[in-house]
Amino acid sequence: MAGQDFVLTTQALKKSFGKLEVARDISLSLPRGCRYALIGPNGAGKTTLINLVNGQLKPDSGRILLEGEDITRLLPADRVRRGLTRTFQINQLFPDLTPIESVTLAVTERDGTAGQFWRSLHSHTEAIDEAFAILQQLGLADVATRLTRTLAYGQQRLLEIALALATRPKVLLLDEPAAGVPKDESAALFEVIAALPADISVLFIEHDMDIVFRFASRIIVLVAGGVLVEDTPDEVRNDPRVREVYLGQAAHHG
Ligand SMILES: Nc1ncnc2c1ncn2[C@@H]1O[C@H](COP(=O)(O)OP(=O)(O)OP(=O)(O)O)[C@@H](O)[C@H]1O
Ligand SMILES: [Mg+2]
């Protein structure tokens with residue numbers, strides 16, 4: 001392992017739902033600061049893998065290591081505290097809060113001062129400043145005080161990433177961050193993801209291959225719960241097995 005600084009490792013993760021094997025011996029290592037894409041057909045087990053890594057699901061066997069420490073048995077909230085954070089395929093925002101309120105709340109939650117938030121707003125200027133800096137980083141400063149439900153959908157998806165950043169993640173797992181975003185806006189969203197601080201390791205699920213090849217440093221191809229290939233975009237693009245999976249899928253969808 002000398003020379004490679006892996007922040008997250010999974011070792012032979014297995015998970016079945018009844019007779020359906022959704023994770024077959026998944027062993028992966030994410031280097032610090034990586035931009036990895038997790039791709040594969042619908043139902044391949046991509047979201048399940050993220051659920052296993054963040055602790056929403058318990059693996060049947062296998063281990064998960066964060067910075068070399070075994071976190072396999074930790075609750076999701078404890079994993080977040082250690083720097084492992086995820087976002088969801090479906091939007092989970094508070095529509096009637098503003099971005100600055102939501103992100104400030106997330107910052108105070110992280111610091112364990114959330115209970116005092118509504119009572120003494122003015123004692124929390126540091127949290128508000130931090131929240132604003134995060135919103136700025138994601139290009140949301142202009143809409144920081146608008147109600148979340150009035151934001152463009154792409155901005156709402158960025159706000160989810162802002163909330164994740166408020167936890168100060170080392171590893172960020174993004175489950176289809178551009179789902180529901182018009183195609184011409186999703187590249188802009190991924191520009192922002194690509195520009196996240198270099199010490200944050202990102203694993204994102206994305207179906208649009210143009211986006212994947214443009215923004216991923218490496219690609220993991222998952223098929224029927226197993227890793228088919230894990231390689232650079234160039235290698236994956238030219239891999240006949242990957243072509244077969246995707247051409248097969250294209251044929252199905254007519
Ligand atoms: N809680 C569950 N109980 C039973 N089966 C499940 C459960 N969650 C997922 N599955 C099944 O496991 C398989 C993998 O699902 P998963 O959501 O991980 O796929 P995915 O790769 O994220 O697909 P998509 O691209 O459509 O989001 C699917 O067949 C799904 O129906
Ligand atoms: Mg999914």
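Which residue of β4 is the bridge partner of Thr9? In the predicted model described here, local features need pLDDT of at least 70 and side-chain atom pairs count only at pLDDT 80 or more, whereas totals for chains, interfaces and linings use all residues. Residues are numbered from 1 along each chain as its sequence is written, chains are lettered from A and ligands numbered from 1 in the order in which they are written, and side-chain values use heavy atoms, with hydrogens and water left out.

The partner of Thr9 in β4 is Leu65. Helices (H or I, at least four residues) and strands (E, at least two) are DSSP runs, numbered from the N terminus, and two strands pair if DSSP finds at least two bridges between them. Strand β1 (residues 6-17) and strand β4 (residues 61-66) run antiparallel and are joined by five bridges. Strand β4 is also joined to β5 (residues 69-70), again in an antiparallel manner, by two bridges; here Leu66 has Glu69 of β5 as its bridge partner. The hairpin of β4 and β5 has two residues between the strands, and Glu67 takes a positive phi near 50 degrees there.

An open sheet with mixed pairing is formed by six strands in the order β6-β7-β8-β3-β9-β10. Strands β6 (84-87) and β10 (226-231) stand at the edges with a single partner strand each, so one side of each is left without a neighbour in the sheet. From one strand to the next, the twist averages 15 degrees (axes are lines fitted to C-alpha atoms, for helices over the stretch in contact, and angles run from 0 to 180 degrees between N-to-C directions). Strand β6 runs parallel to β7 (residues 171-175), with four bridges between them, and Thr85 has Leu172 of β7 as its bridge partner.

Helix α3 (residues 99-111) has 13 residues, which at 1.5 Å a residue should span 18 Å; the end C-alpha atoms are 18 Å apart, which agrees. The expected span is 1.5 Å times one less than the number of residues. Buried residues (under 20% relative accessible area, with exposed over 50% and partly exposed in between; 1.4 Å probe, protein chains only) of α3 include Pro99, Ile100 and Val103. The buried residues of α3 pack against α4 (125-137) and α5 (153-165), where contact means heavy atoms within 4.5 Å. Gly112, with a positive phi near 75 degrees, follows α3.

Leu189 lies in helix α6 (residues 183-194) and is buried, with a relative accessible area of 3%. Beyond its neighbours within four places in sequence, Leu189 is in contact with Gly154, Arg157, Leu158, Pro177 and Val181. Pro177 is 12 residues from Leu189 along the chain, and their C-alpha atoms are separated by 8.3 Å.
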